[in-house]
Amino acid sequence: MSTNVHYLNLLSKSFPTIASAATEVINLEAILNLPKGTEHFLADLHGEHEAFIHVIRNASGNIKRKVNDIFGNTIRDTEKRELCTLIYYPEQKLKLIKESEEDLEDWYRITIHQLVRVCREMSSKYTRSKVRKTLPPEFSYIIEELLHEHTDDQNKAAYVAVVVDTIISTGRADAFIIAISNVIHRLAIDHLHILGDIYDRGPGAHIILDTLCQYKSWDIQWGNHDMLWMGAAAGSDVCIASVLRLSMRYPNLPTIEEGYGINLLPLATFALEVYGNDPCTEFLPKQLKGAEPMDEKSLELMSKMHKAMAVIQFKLESTTFRRHPEWHMDDRCMLERIDYDAHTCEIDGKIHEMSSCNFPTVDPANPSQLTPAEAELMQKLHKSFVGSEKLQRHIHTILNHGSMYLVSNQNLLYHASVPLCEDGTLKQVEIMGKKYEGRQLMDQIEHMVRAAYDADSPQRLRDYALDYFLYLWLGKDSPLFDKARMTTFERYFLDKSTFHEEKGHYFKYRDSVEVCERILDAFGVKGNSRHIINGHVPVHASDGESPIKAGGRMMVIDGGFSQAYHKETGIAGYTLVYHSRGFQLVQHEPFTSTQDAIIRGTDIKSTIQIVEMSSHRMLVNDTDKGEELRTQISELKDLLHAYRHGIIKEHQK
């Protein structure tokens, strides 16, 4: 017997009889032969909450395809579009329909039957038990009955009709339509993978996280922007300064102020006092397409706040770099490289003229020293970040659902890279005096990130971990950044010749099958059709760049969800869909707005690219979940053997 008796005794408490254990074996064996659930992969959302919510509500176009398959030519295209919009946004669409529909009761009756058909199709590859768990308690019994009864069954047609009529006559039609639409959303995506960078650029990172908190089955591989916010929430002042600087550069203050209740009044007061006479032209926020234009006074104030945080950031970065000489980042102590009399800055031995050199808070003799006013400001901002209940809740959600990497169903998921040497071998990276590479490096970084939030961790480790958030954001050998430098200072004050950020060797080897295989081996990924899936670097689709690398071994799915990247990539993001037939890459065009989707029925235009199709339909048995179920089946069979041979007694009531 492969399972020890002590464990079998514990297992017998859940399955106290031969009948209960045998029933569970039958159930699990049946589940193994169901089609695998649909996995969705998204990367680099960057606060674009409207596009994100629409993509998961339409399941990357899957719901629209199902509606077309189900109804074909039996209803008009406009009716199918209206039905899809109702499924995506039931509350808002219902309000519009009730304002214009003349025979609302008839509309309710037709629509409820249509929604039940769509829900039945979406639920067809799941067990009744799994579907039941997605149902809202108030309508669980009714939806389950409707899903398993058909109007074409003469014996049940009247029964189904009465159920629907009663939903309408009792005034529960709206609530039912909302409930079943939400069930369709949940069934359309079995599991959601977020490959990093929820934060920055767009205005709604907090809304994305509110949405994810409602999902049961999702994970995230932390990105560099997520890590910056995780550091800020943990109390890293340099991360707080960087978060605020970015929030004013792109400007997305709704996340800061409305989302997390961070009080920016002290910053505004400080900026006006110190930079009141400085036009701060280098610090004008970027005006993104579609964003509400800012008035002149708001632009002027935000520019001053922007510069104030940038200077504080540069000071805090220098202090941190000096504290960690092992990072070899002294060359990034930018305020120390300025000749304040000549208005020049030295980079790599070359002298560059600065566009401006007004730094009233910088002491040339000690450039990285905060003034008393700057120190007081940072204390207030620190208190706001650490004390924001919603921010702390969201970051702990990211911690609970996240990791540096994930191996799932023969796929290796991470945000950006695995540091490599010039010859394509795994690079050793030093952390606290020890060197790590590949999987061990990722594991050690994750250990440190969690230590920063663990009050029981040694103080030395917690202090180092708090500083290391900065390295993960911009360090040369950070697997979340992997570039020679981050040229933030140069982009504000110097000419374009200084902007270049040399990518690490990983990005030179992304098309190498041999290197991808080496990485997969290092992370213990098994199987004949294994892949690396990541994001971080936008794919320039408009220039003909393919997201499929190394003959299909790697898929890079950062297509530019953020409006800031639309011009660069030519598209508005990718979704990778992995269903029972194989992989499909969905390429999205820019999303107009939620309002357009509701009122006009506009959808994100998407193009499907077949990446890899399986020779046979993949079942649960072919997945990681299948491996778990086979182990459970083996243990239950051992329990049955123990019952039948008297090793363990049944617990009869």
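Trainee: Is F139 buried or exposed?
Mentor: F139 is buried, with a relative accessible area of 3%. Buried means under 20% relative accessible area, exposed means over 50%, and partly exposed is in between (1.4 Å probe, protein chains only). Before we go on: this is a predicted model, local features need pLDDT of at least 70, side-chain atom pairs count only at pLDDT 80 or more, and totals for chains, interfaces and linings use all residues. Residues are numbered from 1 along each chain as its sequence is written, and side-chain values use heavy atoms, with hydrogens and water left out.

Trainee: How many aromatic pairs are there in the whole structure?
Mentor: A search finds 24. Rings of Phe, Tyr and Trp (its six-membered ring) pair if their centres lie within 6.5 Å; planes under 30 degrees apart are stacked, over 60 edge-to-face, and the rest tilted.

Trainee: What kind of pair do F139 and F176 make?
Mentor: Their ring centres are 5.4 Å apart and the planes stand at 90 degrees, so the pair is edge-to-face. F139 sits in the loop between α8 (128–134) and α9 (140–147), F176 in helix α11, 37 residues apart. Helices here are DSSP runs (H or I, at least four residues), strands are E runs of at least two, and both are numbered from the N terminus.

Trainee: And F176, buried or exposed?
Mentor: F176 is buried, at 0% relative accessible area.

Trainee: OK, what about W327 and Y468? What type of pair is that?
Mentor: Edge-to-face, because the centres are 6.1 Å apart and the planes lie at 70 degrees. W327 is in the loop between α17 (296–323) and β4 (338–339) and Y468 is in helix α21 (residues 459–474), so the pair ties together parts 141 residues apart in sequence. Both W327 and Y468 are buried.

Trainee: New topic. How do α7 and α11 cross?
Mentor: The axes of α7 (residues 104–123) and α11 (residues 173–188) come within 10 Å and cross at roughly 20 degrees. Axes are lines fitted to C-alpha atoms, for helices over the stretch in contact, and angles run from 0 to 180 degrees between N-to-C directions. The two are therefore roughly parallel. Angles under 35 degrees count as roughly parallel, over 145 as roughly antiparallel, 65 to 115 as roughly perpendicular, and the rest as oblique.

Trainee: And α16 with α18, at what angle do they pack?
Mentor: About 165 degrees, with axes 9 Å apart. α16 and α18 are therefore roughly antiparallel.
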